[in-house]
Amino acid sequence: MYKIKLIPDNTHIPFLKVRMIAFAISALLILGSIGMFFSAGVNKGIDFEGGILIEVGMPKAPDVADMRGKLGDLGLGQVALQTFGSDSDILIRVQRQEGDAKAQEAAVDKVKVQLAKDYGDGVSYRRVEFVGPTVSAELVQTAIEAVGAAVLAMLVYIWLRFEWHYSVGAIMALVHDVILTIGMFAVTRIEFNLASVAAILTIVGYSINDTVVVYDRIRENFRRYKKMDVKVLIDLSINETLSRTTMTSFTTLLALIALYIFGGEVIRGFSTAMIFGIVVGTYSSIFIAAPLLLLFGLSHRSAEDDGFKSAEAESGEKG
Amino acid sequence: MNSFPTWKIIVVALVCAFGVIYTLPNFVSRATLDKLPEWVPSEQINLGLDLQGGSHLLLQVDTKAVVSKMLESMVDATRDNLRESGDNVGYRNLTHDATKVSFTLRNPADADKARERLSSLSTRMSNGQLSAAIHIGDDGEVTITPSEAAIDARISAAVDQSIEIVRRRVDETGVNEPAIQRQGRDRILVQLPGVGDPDRIKRLLGETAQLTFHLVDLNASAAPGARVPPGSKRLPSIHKGGPDYIVKNRVMVSGENLEDAQATFQQGQPVVSIRFDGLGGKQFGRATTDNVGKPFAIVLDDKVVSAPRINEPILSGSAVISGGFDVKGAQDLALLLRAGALPAPLNILEERSVGPDLGADSIAAGKIAGVIGVVAVAVFMVATYGLFGVFADIALAMNIFLIMSVLSVLGATLTLPGIAGIVLTIGMAVDANVLIFERIREEVRVGKSPFNAIQSGFARAFTTIIDANVTTGIAALILFVMGSGPVKGFAVTLFIGIISSMFTAIMLSRMLISFWMERKRPKTLEL
């Protein structure tokens with residue numbers, strides 16, 4: 001029976017040879033992402049910015065420019081319109097209104113009245129959301145705390161299970177993935193909302209997962225090949241786990257691509273971020289996380305100091 | 001290995017049976033489920049508001065108003081206590097600011113007497129603290145400052161009472177299974193399934209609906225700018241452009257003493273007929289008896305609805321509020337009066353309403369994405385690992401059953417991000433199997449026998465699987481703890497998915513492989 005193999009058996013790709021190039025590329029991308037984040041910023045959704053979001057189903061595809069003009073003249077400040085999924089489905093975003101929640105409600109009513117005047121009764125309100133300033137500020141706070149707490153928790157876990165080299169390497173790879181993902185949001189202008197934070201946290205989990213598998217193998221090989229050169233050993237470990245790394249990324253991507261194509265418009269930003277994150281996470285665990293160990297000076301000596309932590313893995317050897 | 005332990009087989013079988021049995025109700029209509037006997041599992045997955053359509057409102061109790069009201073009533077109590085028949089304690093400038101009540105004794109020598117009279121304002125609370133600090137200076141300056149704890153207790157009580165009133169109002173509108181709960185110190189989360197356009201409910205929640213009856217001050221002029229005598233206040237009309245009224249501060253009867261309110265018609269006009277309880281009826285009877293011929297102002301939230309003339313004493317305990325309502329206005333007012341007044345105004349901090357079409361579209365899209373994702377992953381696994389891929393696919397299918405069943409049993413809420421979580425889990429679920437299979441492949445390559453290769457493949461992959469999943473699990477847990485609403489739903493499915501994928505890979509697929517090994521006893525492994 002013929003079987004697909006994403007990666008041939010027994011590869012000997014010298015990943016470490018290109019580590020400086022990979023570091024350079026990543027450094028550049030990170031700088032670019034940070035630059036984009038501070039210059040253009042991310043396209044914050046109402047969750048974080050406060051404001052109003054209305055999704056309307058129009059009886060037929062409307063003239064968006066005309067609609068934008070009319071709603072823009074209501075004196076509500078910035079009003080952004082975009083088609084959402086289909087031409088007759090319009091997403092209206094109105095900037096946060098000065099004043100309290102009542103001001104926001106009043107703005108929603110103004111939009112509704114205007115739409116009723118221009119398009120009659122056929123307008124269906126698929127979604128109406130408004131987030132006041134206190135809530136959005138809290139959501140920003142919680143989101144930052146959540147990502148920070150997740151990174152910290154992982155750092156501690158890996159530090160407990162491995163050595164500090166691995167812990168720091170994994171976190172750097174992780175931060176790399178998070179920064180690039182945020183950069184992706186800044187570049188693509190995909191709305192950054194609560195679902196995006198969920199995506200980032202999932203990427204955090206996934207990226208660590210991928211890195212841990214490679215690290216696990218490096219640790220194992222340190223015990224198995226006592227005399228092997230560290231560079232050769234790391235390369236060997238990456239190659240040995242390469243098949244698994246690509247397989248898992250591929251199946252996850254298959255599911256995410258299905259979600260991207262068929263999952264509907266509301267979830268598309270989420271699936272885009274996830275797809276990007278999986279690709280970046282896979283790249284970083286191979287090209288960044290593993291080579292970082294070399295940079296940190298992981299050696300046979302430091303690996304042996306880790307004796308008690310690997311006792312558990314040792315028992316797996318009997319087979 | 002040849003003999004997979006019996007107890008493990010039993011555990012796997014039980015878990016799988018659980019998964020299938022508790023997933024099935026989701027494919028049966030609610031009506032059919034209700035007809036089945038009690039012992040048949042009938043829990044279905046709850047759909048979040050974003051999937052079934054509905055409205056989510058986050059309300060905040062206006063705590064400033066609560067505190068201000070608390071201070072106002074302290075001012076009243078102070079006045080009552082100082083003014084005792086025949087033995088008045090003289091004072092002036094009795095007022096309050098945002099934090100305390102203050103006044104000045106006319107005669108500083110009255111300090112002790114004042115302290116004694118005011119002692120009822122500062123009681124010992126359950127935590128041993130005094131509810132207010134009373135300070136009397138040598139110059140007769142008196143301040144009464146309620147303690148933090150007393151204010152907190154008052155706010156907490158106000159929020160509890162608001163929740164009760166909100167519940168009654170929402171129930172009156174006939175919404176099915178609304179969820180109303182407290183959030184944090186002063187917030188109330190209202191979830192209204194099936195309500196795509198919550199305008200009416202928002203309007204109803206926006207009214208405090210404090211109904212009071214006052215005498216109109218006939219000695220004062222209501223002309224704009226005219227002086228308002230002490231003991232009276234100027235109130236606007238509820239109708240736009242209507243005249244102002246000067247009414248006496250004293251509340252003759254209040255809405256607290258209402259027993260019922262209904263919208264009816266009187267001479268073709270929509271009106272609200274009200275009926276007082278025993279005490280209210282007596283108060284109303286006395287007020288109307290003593291003031292025949294005078295106008296009686298009906299005040300709702302500090303606006304005058306109308307001020308009809310009292311033609312004769314009303315002793316029946318019933319009355320009619322007319323005031324140029326339309327039918328809907330009369331119905332809403334009746335509803336508000338029946339449900340009772342809010343202790344303080346509510347502000348809407350956040351609203352998320354999803355119409356039923358969008359919810360249905362999301363479910364449909366999620367289903368399609370899920371099915372296609374599963375099929376793609378399943379086909380790919382077989383294409384890569386052959387027969388072992390089939391084992392992994394069985395584990396994957398069981399995985400989905402387990403997620404669905406746990407969601408059903410926990411009564412967890414499935415949201416759109418939750419569906420994304422399931423689809424994502426599908427992709428990641430095969431990871432544990434991939435780790436194992438790749439390990440077995442390696443063992444085969446170094447020349448181990450099929451039996452040994454499988455044995456050590458599982459053993460060696462085990463720690464990796466644990467480490468890898470614990471980290472993702474940490475992310476899911478943090479999302480669950482810190483996330484809100486839909487994000488929480490995502491975390492739940494992700495977390496359940498991690499646990500069930502570990503179980504299915506380590507137990508179920510291993511069992512399948514070991515059964516297969518026993519039957520076929522293969523000489524080589526096709527993997």
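Two residues are in contact if their C-beta atoms, placed from the backbone, lie within 7 Å. Keep that in mind as you open this predicted model, where local features need pLDDT of at least 70, side-chain atom pairs count only at pLDDT 80 or more, and totals for chains, interfaces and linings use all residues. Residues are numbered from 1 along each chain as its sequence is written, while chains are lettered from A and ligands numbered from 1 in the order in which they are written.

**Stop 1: where the chains meet.** Select chains A and B together: 66 residues of chain A are in contact with 68 residues of chain B. On the chain A side, the elements that each supply at least two residues include β1 (51-57), β4 (124-131), α5 (133-161) and α8 (230-262); helices (H or I, at least four residues) and strands (E, at least two) are DSSP runs, numbered from the N terminus. Colour that side by residue type and you will find 35 nonpolar, 17 polar and 14 charged residues. Here Ala, Val, Leu, Ile, Met, Phe, Trp, Tyr, Cys and Pro count as nonpolar, Asp, Glu, Lys and Arg as charged, and the others, Gly among them, as polar.

Stop 2: Now pick β4(A) and β18(B) (residues 346-354), which run antiparallel and are joined by 5 bridges. Two strands pair if DSSP finds at least two bridges between them. Zoom in on A:Val128, whose bridge partner in β18(B) is B:Ser353.

**Stop 3: a hairpin in chain B.** Next, select β13(B) (258-266) and β14(B) (269-276), an antiparallel pair with 8 bridges. B:Thr264 faces B:Val271 of β14(B). These two strands form a hairpin with 2 residues between them, and B:Gln267 in the turn has a positive phi of about 50°.

**Stop 4: on to β17(B).** Look for B:Ser273 opposite B:Val320 in β17(B).
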